[in-house]
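Please look through the following structure with an eye to its local geometry. The report below takes up a side chain in a loop, a pair of packed helices and a sheet.

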Amino acid sequence: MNVVVCVKQIPDPADPGALEEDHTLKRDGKLILDESDSYGVEMALQLADAAGGGDVTLVSMAPNNETSGLRTALAMGAAKAVLVSDDALSGAGALDTAKVLAAAIKRVEGADLILAATESSDGYTGTVPEQIAAVLDLPSVTFAKHVEVADGTVKVQRQTESGFDECEAPLPALVSVTAGVVEPRYPSFKGIMAAKSKPVDQVTVADLGLDPSAVGWAGAGQEIVDVSPAPERQAGEVIEDEGDAHQKIVEFLDGLKVL
Amino acid sequence: MRFAFTEDQLGFRDAVRSMLDKECPAEVVRAAWPDDGTGAGARAEPAAVAAVWARLADIGVLGVAVPEAAGGLGLAELDWVLLAEEAGYAAVPHPFVETVAVAAPLLASAGAPTGGGRSLAGIVGGTVRIAAALTPGHDGRAVPYAARADGVLVHARSTGAVHLLGPDEAGVHSVRTVDGAIDAADLTDRRCHDGNVVTAAPALVDQAFDRGALGAAAQLLGLARHMLDLTVGYVVERRQFGVPVGSFQAVKHHLADALVHLELARPAVHRAAYSAAVGSPNRARDVSMAKAMASDAARLVGAKALQCHGAIGYTVEYDLHLYLKRAWALAATWGTAAWHRDRVGRAMGI
């Protein structure tokens, strides 16, 4: 079974960069594999293994032909990658990204299943996987906490607030997986050395048959007008115990839906 | 000529760093301490301590210096020096340097003894851990990890040959040292005989010791970097008189001094790794320079870290002591700074 995994290469969250003048995140340094995507990579490797063979192909969009994060996923065991890198993509929003990734996925022959994380750790729009499915006209299942493939069907336990739903979709399909769907393996030294020689198909927007003037800032239907820091965390609420403190604590926890 | 680390070497370092970051946080180091309050604070499950070694085996670190024919990667000092630094940073509570950097290549080049469940395959697979007491004149006391290692490398007092003793042959007697995570033991017996000799070749014996001292120096760099990171994090967060204490000049000066010593020691350690990897005639001198400078740097960084933390740095519930005590223990093993300075002096003919 051939599985495509959408992966994002992001600035290291431990060393967050500054913003560009146009309010987008600086991405000119070394980028790393978004940890939330390592779950999809591991899931894909396990599904291909369980099916008795097949390739895991990575699809990514990043500036400056950046491959550092892809190498990490290749070191985990993915076979090859398609990387879309093009200055025209600067300022791309979620829908642009979905169109580009969908076109890149079409370059991968015989993809039975497409996996993605639920959202990236630097953008958090959480919409790209479903948009890719819509562009490709594929069924999609989101928030998978367990994935199985059998007889041309993907069976998913879909995380909900109160538990999980059992979903099925015919292949090919797109599934977005949650952190914790599987435990990602650590890249081995032999995997790291092997990753250097694995093929990375580097393409531009034009190579994908898309119009460069329809993506990025040029084709943007949106503009970032202002960025402000997140508000500092406020001091907690102090409850004076007048015999009803326990009730207030229960109400507070109930409000957080942890009870 | 390019003296920087290769992409592979940095890739291996990053892989080990991110793995240890997740698998060997302070709670795991603390879980390796005896459960008697001396290492108090948040502890991981005891199984998490063993899991660190298993993960190191999974990703292929334990065979880094084992020949490819024996299932390893056949790499040398320049390839593992950064890994030893990461093991130091995480204060891995296992004989990493002793097993990976000393025992494995020594057993491979000496070719014996590989029986008795202490084989190279066992090292690569993570089932065998080896302690070592190879410092010239070592009296067999307080050998780190000897209490739970599968074997101990020692010098025979009469011949100078290196032997690999099982715990029973070594007369292992558990003792408490300043670092509760290293399960040290006195070797009360040391039954060295032809059946457990590894090598009597002086070149191999000297090389094994130098690898251990180099590995200890690299671990000390990592420990010093960790203590400095902890301290910088603390002084940025801790506020007094309405500002972070790190904004006070006296605190900044301490931390700048610490960083200068650490950064001066680092190239000496990398130089020693280079000399060892290329078989330089100056290997012993360079390793001694590295161990002396790294020991001094780690002690100084530790002292500054403790002072900048104030009272909380003295508590066993806070993490600093886990790294500080490991640094003290390592500075005192594989030759003290004074012993190594003396060896540098002799190498220079003074």
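This is a predicted model: local features need pLDDT of at least 70, side-chain atom pairs count only at pLDDT 80 or more; totals for chains, interfaces and linings use all residues.

In chain A, Ser120(A) is placed in the loop that runs between strand 6 (113–117) and helix 4 (128–136). Because its relative accessible area is 15%, which falls under the 20% cut-off, Ser120(A) counts as buried.

| Atom group of Ser120(A) | Partner | Distance |
|---|---|---|
| side chain of Ser120(A) | side chain of Asp122(A) | 3.2 Å |

When neighbours within four places in sequence are left aside, Ser120(A) is in contact with Lys8(A), Asp34(A) and Ser36(A).

In chain B, helix 4 (residues 77–89) packs against helix 9 (residues 249–277) of chain B at an angle of about 145 degrees, the axes being 8 Å apart, and the crossing of these helices of chain B is right-handed. Helix 4 of chain B contributes residues including Leu78(B), Val81(B) and Leu82(B) to the contact, while among those from helix 9 of chain B are Arg266(B), Val269(B) and Tyr274(B). By class, the residues of this contact comprise 8 nonpolar, 1 polar and 3 charged.

Chain B also holds an open sheet of 4 strands in the order 1-2-3-6, with mixed pairing, whose edge strands are strand 1 (130–133) and strand 6 (197–199) of chain B. Neighbouring strands of this sheet are turned against each other by 25 degrees on average, direction ignored. Strand 1 and strand 2 (residues 151–155) of chain B run parallel and are joined by 4 bridges, and Ile130(B) stands opposite Gly151(B) of strand 2 of chain B.

Key: Residues are numbered from 1 along each chain as its sequence is written. Chains are lettered from A and ligands numbered from 1 in the order in which they are written. Side-chain values use heavy atoms; hydrogens and water are left out. Helices (H or I, at least four residues) and strands (E, at least two) are DSSP runs, numbered from the N terminus. Buried means under 20% relative accessible area, exposed over 50%, partly exposed in between (1.4 Å probe, protein chains only). A polar contact is a pair of N or O atoms within 3.5 Å; within protein, one must be able to donate a hydrogen and the other to accept it, and residues adjacent in sequence count only if both atoms are side-chain atoms. Contact means heavy atoms within 4.5 Å. Axes are lines fitted to C-alpha atoms, for helices over the stretch in contact, and angles run from 0 to 180 degrees between N-to-C directions. A crossing is left-handed if the near helix is turned anticlockwise from the far one by less than a right angle, and right-handed if clockwise. Ala, Val, Leu, Ile, Met, Phe, Trp, Tyr, Cys and Pro count as nonpolar, Asp, Glu, Lys and Arg as charged, and the others, Gly among them, as polar. Two strands pair if DSSP finds at least two bridges between them.
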